[in-house]
Structures are given as structure tokens and as C-alpha cells.
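The sequence and the structure come first.

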Amino acid sequence: MGTGRVAVPLARRGIAVEGIEGSPAMIERMRAKPGGEAIPAVVGDMADVDVAGPFQLAYLVYNTLFNLPSQERQIDCFRNVAKSLAPGGVFVIRTP
């Protein structure tokens with residue numbers, strides 16, 4: 001989630017957004033933005049944190065996947081996303 005650079009504008013447009021962030025300080029920065037306080041966020045490692053789901057879309061923004069320290073952790077992330085997607089849900093990874 002970071003500072004909400006993508007999440008906050010999506011939420012302002014009426015899109016239901018939830019997120020995972022490894023840093024409580026980053027979530028605080030997101031919550032300080034107008035509309036950011038209403039976005040549910042879980043503090044944890046995206047490769048293995050449990051989330052409520054199921055979700056129609058899981059979206060990794062920019063270099064997020066490459067912040068994981070190894071290919072093994074990237075695979076763990078894919079598995080974690082797969083278990084939280086609804087049937088027919090989509091996993092999108094956006095790279096620069």
C-alpha cells in the first residue's frame with residue numbers, strides 16, 4: 001500500500017480498496033491523506049499475511065514484487081494471492 005499513492009485515488013472514485021503494507025509508518029502516512037483513513041489496511045508480509053477475501057482483483061503496483069528478497073518469497077506471494085482470489089479473480093502486476 002505504501003503511502004496510498006494508488007489506493008487513495010481509487011477509493012475516492014468509489015472502488016473498494018484494501019491493502020497490505022509492511023510498515024506501520026507508511027500506513028500512517030496513507031491515513032493522513034483525505035480518504036486514506038477509511039481504507040482497510042493490514043500490516044504484514046504480502047507473501048504470507050492472511051487477508052479476509054475473497055477478492056476479484058489483487059494488484060501489485062510498480063516494483064512491489066521485487067521488494068521480496070528471493071524467488072522463493074515471490075512464489076509464496078503468488079500462492080498467497082491465489083488463495084485470496086475469488087473464482088475468476090485476477091492477479092495484476094504492474095511494473096514500470
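β3 and strand β4 (residues 85-93) pair in the parallel sense over five bridges, where two strands count as paired if DSSP finds at least two bridges between them. Helices (H or I, at least four residues) and strands (E, at least two) are DSSP runs, numbered from the N terminus. The chain passes from β3 through α3 to β4, and this β-α-β crossover is right-handed; the term applies if, with the strands pointing away from the viewer, the path from the first strand over the helix to the second runs clockwise. Within the pairing, Ala58 stands opposite Phe91 in β4, and Leu60 stands opposite Ile93 in β4.

The model is predicted: local features need pLDDT of at least 70 and side-chain atom pairs count only at pLDDT 80 or more, while totals for chains, interfaces and linings use all residues. Residues are numbered from 1 along each chain as its sequence is written, and side-chain values use heavy atoms, with hydrogens and water left out.

**Nonpolar cores**

A nonpolar core is a set of buried Ala, Val, Leu, Ile, Met, Phe, Trp, Tyr and Cys residues joined through side-chain atoms within 4.5 Å. Burial here means under 20% relative accessible area, exposed means over 50%, and partly exposed lies in between (1.4 Å probe, protein chains only). The largest nonpolar core has nine residues: Met46, Ala47, Ala58, Leu60, Leu65, Leu68, Cys77, Val81 and Leu85. β3 (55-60) and α3 (71-84) each supply at least two residues of this core. Another core lies apart from it and has six residues, among them Ala7, Val17, Ile27 and Met30.

**Accessibility of selected residues**

| Residue | Relative accessibility |
|---|---|
| Leu65 | 8%, buried |
| Thr3 | 16%, buried |
| Leu85 | 18%, buried |
| Gln74 | 19%, buried |
| Gly88 | 72%, exposed |

Contacts are heavy atoms within 4.5 Å. Which residues does Ala58 touch, not counting residues up to four places away in sequence? With that exclusion, the partners of Ala58 are Val81, Leu85, Val90, Phe91 and Val92.

Leu65 lies in the loop between β3 and α3. Not counting residues up to four places away in sequence, Leu65 touches Met46, Leu60, Gln74, Cys77, Phe78 and Ile93. Leu65 and Ile93 are 28 residues apart in sequence, yet their C-alpha atoms are 7.8 Å apart in space. Gln74, which lies in helix α3, touches Leu65, Phe66 and Leu68, again not counting residues up to four places away in sequence.

Leu85 is found in strand β4. Beyond residues up to four places away in sequence, Leu85 touches Pro54, Phe55, Gln56, Leu57, Ala58, Val90 and Phe91. Leu85 and Val8 are 77 residues apart in sequence and 22 Å apart in space, C-alpha to C-alpha. Gly88 also lies in strand β4; the C-alpha atoms of Gly88 and Leu65, 23 residues apart along the chain, are separated by 22 Å.

Pro54 is placed in the loop between β2 and β3. Most residues other than glycine have a negative phi, and most peptide bonds are trans. The bond from Gly53 to Pro54 is cis, with omega near -5°.

Thr3 touches Met26, Arg29, Met30 and Lys33, not counting residues up to four places away in sequence.

**The largest pocket**

On a 1 Å grid over the protein atoms alone, a pocket is an open set of points where a 1.4 Å probe fits, with protein on both sides within 12 Å along at least five of seven lines; lining residues have an atom within 4 Å of a point. Grid points are joined across faces, edges and corners, and a volume is the space filled by probe spheres set on the points. The largest pocket holds about 1200 Å³ of space. Its lining comprises 42 residues, of which Met1, Glu18, Gly19, Ile20 and Tyr59 lie nearest its centre. The elements that give two or more residues to this lining are α1 (7-12), β1 (19-21), β2 (41-43), β3 and α3. β3 provides the largest share of the lining, six residues.
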